Amino acid sequence: MAQLSERVLNMATSATLAMAAKARELRAEGKDIIGLSLGEPDFDTPDFIKNAAIQAINDNYNSYTPVDGYVELKDAIITKFKRDNNLIYKRPQIVVSTGAKQSLANIAAVLLNKGDEVILPCPYWVSYSDIVKLNEGIPVEVKTSIDNDFKLTPEQLEAAITPKTKMIWYSSPCNPSGSVYSKTELRALADVLQNYPNIIVVSDEIYEHINFIGGHQSMAQFEDMYDRTVTVNGVSKAFAMTGWRIGYIGAPEDIARACNKMQGQITSGANCIAQRAVITALTESPSSVQYMIDEFKVRRELILKLLGEIEGFQTNVPEGAFYVFPNISYFFDKTLKGQHIENATDFSLYLLEHANVATVTGIAFGNPDCIRISYAASQEQIIEAIKRIKEAVS
């Protein structure tokens, strides 16, 4: 038997991927499982993007790519940042990676030393904590409340900062809560950070366009935060391109240069065909994928209405992404069909077994009172899934 490293032995398995794998196993056994666990749009990649990929194949793009991305793609990203976010970046500040997850891993690897602290407003995306730990950092979880739409307050941020604080990571729109920070709310957090000039902000904006209130806001828009903010984005969610694996950052040049160096030793450049397709995706107006956002909004209203009819599910109204994050602590210390429910993991597994619906425990996102339900599924599937859940807990 191989003697595995403490690094991998101490690492948690991604809860979202684990639940998706479990759902696939049960389907293979013949069970009718409705999967509401993965954060993946159920739409096809738009034809104009696919056609660009086909053209790239016919144009014989098949060689290694520059580590930090094709120049043409970097220029498209620069144009996108200016058009959508009013952020001005130059080519040396852009690094293209194999998905936004690699972008985040690069950031942690080049900035964290052993014992450095990273503030994570809870709930946070499932991989943040382990990426920080993998790079010998210490995640500092700050619990937020459903009553405040799961948003970090300036007072909470101030209280969490210590001499060891190196970064704060957050996503807006948020996975898993769907929360969206307004310009006023971001400015209030930035005001706190003015007293701590060495803290770097990592703003994960992968769900930027799946926003039901309009006016997406970036921390880097503030002049006094621009040089200390890394903006992370990609095409997985808005363009239904999860499997194409392209993410990118806009960052202070020294951080971007370090990420380029790190990536050069780990994976080198991202896939050549995917990069050529993303040039086309980012060059088009975001209105080209508005039909997806419109449908997600309809589904949001549907799932909130149906969940509101189930006793014990406390929900707020998510303003972006495609998740609801209900508080289900009502069911703790109760017994359902002979199964004792102690926490969100028990409840999520109970729904998988007794309702044939796959969700994800909130414990994986730093909130033990909630579960994440994705509504990146058809309206028919949503109706059937919530019907099953209602029957299973009645």
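Colleague: Which residue of strand 6 is the bridge partner of W169?

Modeller: Keep in mind that this is a predicted model. Strand 5 and strand 6 run parallel and are joined by five bridges. In strand 6, W169 is paired with V202.

Colleague: And on the other pairing, what is the bridge partner of I119 in strand 5?

Modeller: Here we look at strand 3 (residues 117–122) and strand 5 (residues 165–171), which run parallel with three bridges joining them. The strand 5 residue bridged to I119 is I168.

Colleague: What is the strand order of the open sheet?

Modeller: There are seven strands in this open sheet, and the pairing is mixed. Neighbouring strands are turned against each other by 20° on average, direction ignored. Reading across the sheet, the order is 2-8-7-6-5-3-4.

Colleague: How many residues of strand 5 are buried?

Modeller: Buried means under 20% relative accessible area. Strand 5 has seven residues and is mostly covered. The buried count is six.

Colleague: Which helix makes a β-α-β unit with strand 5 and strand 6?

Modeller: The two strands are parallel and share five bridges. The unit they make with the helix is right-handed. The helix is helix 8 (residues 183–193).

Colleague: What angle does helix 5 make with strand 7?

Modeller: Helix 5 (residues 100–111) lies across several strands, including strand 2, strand 5 and strand 7 (229–234). Helix 9 (residues 253–266) also lies across strand 2 and strand 7, among others, and runs at about 30° to strand 2. For helix 5 against strand 7, the angle is about 155°.

Colleague: Is C122 buried or exposed?

Modeller: C122 lies in strand 3. Among the residues that C122 touches are E141, V142, F365 and G366. Its relative accessible area is 2%, and the cut-off is under 20%, so C122 is buried.

Colleague: What distance separates the C-alpha atoms of C122 and P163?

Modeller: C122 belongs to strand 3. Along the chain, C122 and P163 are 41 residues apart. Their C-alpha atoms are separated by 21 Å.

Note on methods: Residues numbered from 1 in each chain as written. Predicted model: local features only at pLDDT ≥ 70, side-chain atom pairs only at ≥ 80, totals over all residues. Heavy atoms only, no water. Pairing = 2+ DSSP bridges. Helix = DSSP H or I, 4+ residues; strand = E, 2+ residues; numbered from the N terminus. Axes fitted to C-alpha atoms, helices over the stretch in contact; angles between N-to-C directions. Contact = heavy atoms within 4.5 Å. Buried < 20%, exposed > 50% of the residue type's maximum accessible area, 1.4 Å probe, protein only. Right-handed = clockwise from strand over helix to strand, strands pointing away. Lists of a residue's contacts leave out its neighbours within four places in sequence.
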